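Biologist: I have a model open on my screen and would like to learn how to read it. Can we go through the features one at a time?

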Amino acid sequence: MSSKGKVAVALSGGLDSSVTALLLQKDGYEVVGITAKMVCDENFDEVVKNAKNVADTLGIEHFVLDLSKEFKENVIDYFENSYKNAETPNPCIVCNKAIKWGALLDYSINELHVDFMATGHYAKLKNEDGKYLLYPAQDIKKDQLYYLFDLSQEQLSRTMFPLSAFLKNQVRVLAFENGLPTASAKESQDICFIKKPMSVKKYILNITEPLKGDFVLEKTGEKIGEHEGFYQYTVGQRKGIGIAYSEPLYVTNLDAEKNIVYLGTNNDLCCHKVLLERFNWHDDSHCVPFEAMVKIRYNMDAQKALVTRKNECVEITFFEGLSASAKGQAGVVYDMKDGHLIGGGWIKEIL
C-alpha cells in the first residue's frame, strides 16, 4: 500500500470521476475504482462498462456494487412520492446522502479497507480545528456545494475532492493528455434513472392514473380549465399548461388533497420567506440571526437573506422577492464573505 493511503474513487464512467482517479494515482495514492449500479437496465450496464474501461486504462482494480434495491427504496420511491404529495424532489441530494456517501462509502471502508472515498464533485474540503467545511471550488461555475449540504461530518472526514483546484476545461485537457477514454464524454445534467426520450412528465404519467381536476386562478378562486392530475405539474412551471389567458400563466401552488393546480402570473410566484426543516449545520458559529447568501434551486444565483432559527426549523427571509419556491426543494445557506457552506434544509413552508 502507498504511504499516502488507499482511496476508492466513485467511478461513474464520466470525465470528472476518471480524472479524479488519474490525479490521485499520479499523487501517489493506492487507487481502486468502485461503481454503484443504481438500476438494473442497459443504461447502467453502459455506465459500468465505461467505468471499467477507465479502470483498465489506469491499471487499477475495479469493483461493482449492486445498490439497485437501496436506490429504489431511498431515491426512486422518494422521487415518486414527492410528486404524489405535490412536492418538488431533488433526488441527487438524497442519493449523495444515502447511496454515494451511504452504502457506497460504507462498502469502500468496510470491505475494501480504504482510507478515503473520492468523487468528481467540484468542491473544496477543509479541516478547520476538527470541523470539516466545504468551500467553493476554483471553477465557480460548477458550484456543487448545493448537492452536498446534507452530508455529515463523519462522511466528510472520509472524503476527498481532487478536482477542487481545476477548471472544467483543464480537467478535459488532462483526460486527453493521458489518453482517458472519457476525454470526449458529454456532461450529463439528466436524472440518472430517467433517460431520453423519457421525460419527467412521461415518467410520472407511467406511474400514475389520470385524475381529472381543476385549474384555478389563485388570486380569484376562478376555475379556468381542467387537467388530468396535479402530479404532472411543478411550482413555477409555465410550459405545458395549455390555458389561454391575457398574460403568461405559471403554476403557483398545488393541492394534492383536492387535486387543484393553482395558476397565476409571474408576480404571483414571488415570496419573501421560507421555512426549512431537517436543517443540517456545517458551520453553527454564526450568531443568529445573521445575513447569508441562499439558494433554493441549484441553477439560480444565491440571494441575500436573513437566517433565523425557529425552534427546530430555520427561517429564511429574502431581502428581495424570490420566484417559484416550492415545498420539497432544498434551501442551502452560504457564508457572505467566502462562500463556504453553512448548511441547508428542506422547504417545509412558504411564508
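Biologist: How many bridges join strand β12 to β17, and do the two run parallel or antiparallel?

Modeller: A word first: this is a predicted model. Now the general idea. Strands of a sheet pair through backbone hydrogen bonds, either parallel or antiparallel. Here, β12 (residues 270–281) and β17 are joined by six bridges, and they run antiparallel.

Biologist: Which strand is joined to β17 by five bridges?

Modeller: That is β16, residues 330–334, and this pair runs antiparallel. Look for Ala330, which stands opposite Trp346 of β17. The hairpin of β16 and β17 has six residues between the strands. One of its features is Gly339, with a positive phi near 75°.

Biologist: Is β17 mostly covered or mostly open?

Modeller: Mostly covered. Of the ten residues in β17 (341–350), seven are buried.

Biologist: In what order do the strands of the barrel come?

Modeller: Follow β12-β15-β14-β13-β16-β17. These six strands close into a barrel with antiparallel pairing. From one strand to the next, the twist averages 45°. Lys295 has Val332 of β16 as its bridge partner.

Biologist: Where does Glu222 lie?

Modeller: In the loop between β8 and β9. Glu222 counts as partly exposed because its relative accessibility is 43%, and that class falls between 20% and 50%. Leaving out residues up to four places away in sequence, Glu222 touches Phe215, Val216 and Leu217. Now compare sequence with space: Glu222 and Val173 are 49 residues apart in sequence and 57 Å apart C-alpha to C-alpha.

Biologist: On to helices. At what angle do α1 and α6 pack?

Modeller: At about 65°, with the axes of α1 (residues 15–26) and α6 (residues 168–177) 10 Å apart. So α1 is roughly perpendicular to α6. Their crossing is left-handed. On the α1 side, the contact is made by Leu15, Asp16, Val19, Leu22 and Leu23. On the α6 side, Lys168, Val171, Arg172, Leu174 and Ala175 take part. By type, the residues of this contact divide into seven nonpolar, no polar and three charged.

Biologist: How far apart are the axes of α3 and α7?

Modeller: They are 11 Å apart, and α3 (residues 68–84) packs on α7 (residues 200–207) at an angle of about 85°. That makes α3 roughly perpendicular to α7. Ile76, Phe79, Glu80, Tyr83 and Lys84 of α3 meet Val200, Tyr203, Ile204 and Ile207 of α7. This contact divides into seven nonpolar, no polar and two charged residues.

Biologist: Last topic: the backbone. Which peptide bonds are cis?

Modeller: The general idea comes first. Most residues other than glycine have a negative phi, and most peptide bonds are trans. In this model, the bond from Lys196 to Pro197 is cis, with omega near 10°. Pro197 is in the loop between α6 and α7. A cis bond also joins Val288 and Pro289, with omega about -5°. Pro289 is in the loop between β12 and β13.

Biologist: And phi? What value does Ala86 have, and is Ala86 buried or exposed?

Modeller: Phi of Ala86 is near 65°, a positive value in a residue other than glycine. Ala86 is in the loop between α3 and α4 (91–110). Ala86 counts as buried because its relative accessibility is 16%. Asn259 also has a positive phi, near 55°. Its place is the loop between β10 and β11 (260–264). Asn259 is buried, with a relative accessible area of 5%.

Terms used. Residues are numbered from 1 along each chain as its sequence is written. This is a predicted model: local features need pLDDT of at least 70, side-chain atom pairs count only at pLDDT 80 or more; totals for chains, interfaces and linings use all residues. Side-chain values use heavy atoms; hydrogens and water are left out. Axes are lines fitted to C-alpha atoms, for helices over the stretch in contact, and angles run from 0 to 180 degrees between N-to-C directions. Helices (H or I, at least four residues) and strands (E, at least two) are DSSP runs, numbered from the N terminus. Angles under 35 degrees count as roughly parallel, over 145 as roughly antiparallel, 65 to 115 as roughly perpendicular and the rest as oblique. A crossing is left-handed if the near helix is turned anticlockwise from the far one by less than a right angle, and right-handed if clockwise. Contact means heavy atoms within 4.5 Å. Ala, Val, Leu, Ile, Met, Phe, Trp, Tyr, Cys and Pro count as nonpolar, Asp, Glu, Lys and Arg as charged, and the others, Gly among them, as polar. Buried means under 20% relative accessible area, exposed over 50%, partly exposed in between (1.4 Å probe, protein chains only). Two strands pair if DSSP finds at least two bridges between them.
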